[in-house]
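Here's a quick tour of a protein chain and a ligand it holds. Take a look at the model first, then read on.

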Amino acid sequence: MRVVYFSADQDADKWLPGLRAALPGAEVSLWVPGAAPADYAVVWKPSQQLLDEQPQLKAIFNTGAGVDALMQLRLPAGVPVVRLDDAGMSVQMAEYVCHALIRHFREFDAYEADTRAGKWSFRKPLSRADFPVGILGLGVLGERVARAVAQFEFAVNGWSRSPKVVPGVQCFAGMAQLPDFLAASRVLVCLLPLTPDTRDLLNLANLSQLSPGGYVINVARGAHLVDEDLLALLDSGHLAGATLDVFRTEPLPPEHPFWTHPKITVTPHTSARTLRSESIAQIAEKIAALELGQPVAGKVDPSRGY
Ligand code: NAP
Ligand code: GLV
């Protein structure tokens, strides 16, 4: 069996030995133009050339959860695309979102400013009931985040494409229920895949429907958010702040206003990192399953785009 690996970002020096150890008997090599045809490709943001030059692939493994970069390419017909299915990401995402939510709700930035100034002062506790949290996307990551947030006794709303039942979460589905979901939420967490239906969803019209004093946490993709609309709603006071991990252009350009906005916290696309050993183990297991003709989790449905 031949496996080619290519990543626009990740460290091939570490992935190649890891894949070779997990796939004894397979010939694993770095993809270069003109590489011999392989059975499987393990990729992150590959070029069109890689796909065009690999006509015999049995499956394409994406070394991340989001497949939006792959979906921009012309994919070989009938070849399954398999994305990471958690692989250690959901607990990281739960940590990140709970941290951002609690930092905001408990006003830890204001406390830090006070204590740095040597001030021992108290703020009136805010009411948890005034901070219902809405999670856009109730998939592998969104559902895990919803359960983690519910542990802190916030009311949790969730929105997905198909109807869902998640204990402790008030579930909404489809565009028809988006207004009710937004009106019931004050903190909005975006964990949607980026598709034509979800691009620009965090826009003026939708963000205006959050309760006054709303807070946005975008941990999915930068293109869900219309940057100017967020800035306008922060400046008008309708939104109180935002924590943003993902951006339309990454790295975030030095001149972008998000860097210095007093109500925005920026992190460098780090909320849920691909963990190499967990991911390699998952991919190796799935290759073994596919070789036996067994089903695997995380198969992308090209008609949905995720
Ligand atoms: P997933 O399991 O595929 O879940 C996606 C969820 O979004 C599902 O609940 C799906 O609804 C819902 N959805 C999709 N399109 C929708 C639409 N048009 N309207 C309403 N709901 C819609 O994906 P995941 O593993 O949770 O990952 C989510 C995204 O997180 C990834 O695509 C990626 O972009 C992002 N991510 C970011 C980082 C980071 O470090 N910042 C790390 C990992 C992933 P159904 O359940 O009805 O299908
Ligand atoms: C990271 O953003 C991923 O999609 O895994």
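## The ligand site

In this predicted model, a backbone N or O atom of G66 sits 2.8 Å from an oxygen atom of ligand 2. Taken alone, ligand 2 exposes 200 Å², and the protein buries 88% of that (Shrake-Rupley areas, 1.4 Å probe).

Around ligand 2 you'll find W44, G64, A65, G66, M89, R221 and H269, each with a heavy atom within 4 Å of it.

## Where they meet

About 770 Å² is buried between domain 1 and domain 2, 49% of it on carbon and sulfur atoms; that's accessible area (1.4 Å probe) lost on being put together, summed over both parts. On the domain 1 side, A65, D68 and D86 lose the most area, together 58% of what that side buries.

There is 1 salt bridge between the domains, meaning a Lys or Arg side-chain nitrogen within 4 Å of an Asp or Glu carboxyl oxygen. R221 and D68 pair up in a salt bridge at 2.9 Å, N to O.

Residues are numbered from 1 along each chain as its sequence is written, with chains lettered from A and ligands numbered from 1 in written order. Local features need pLDDT of at least 70 and side-chain atom pairs pLDDT 80 or more, while totals for chains, interfaces and linings use all residues, and side-chain values use heavy atoms, leaving out hydrogens and water.

Terms used: Buried area = accessible area lost by both parts, 1.4 Å probe. Polar contact = N/O pair within 3.5 Å; in protein donor to acceptor, adjacent residues only side chain to side chain.
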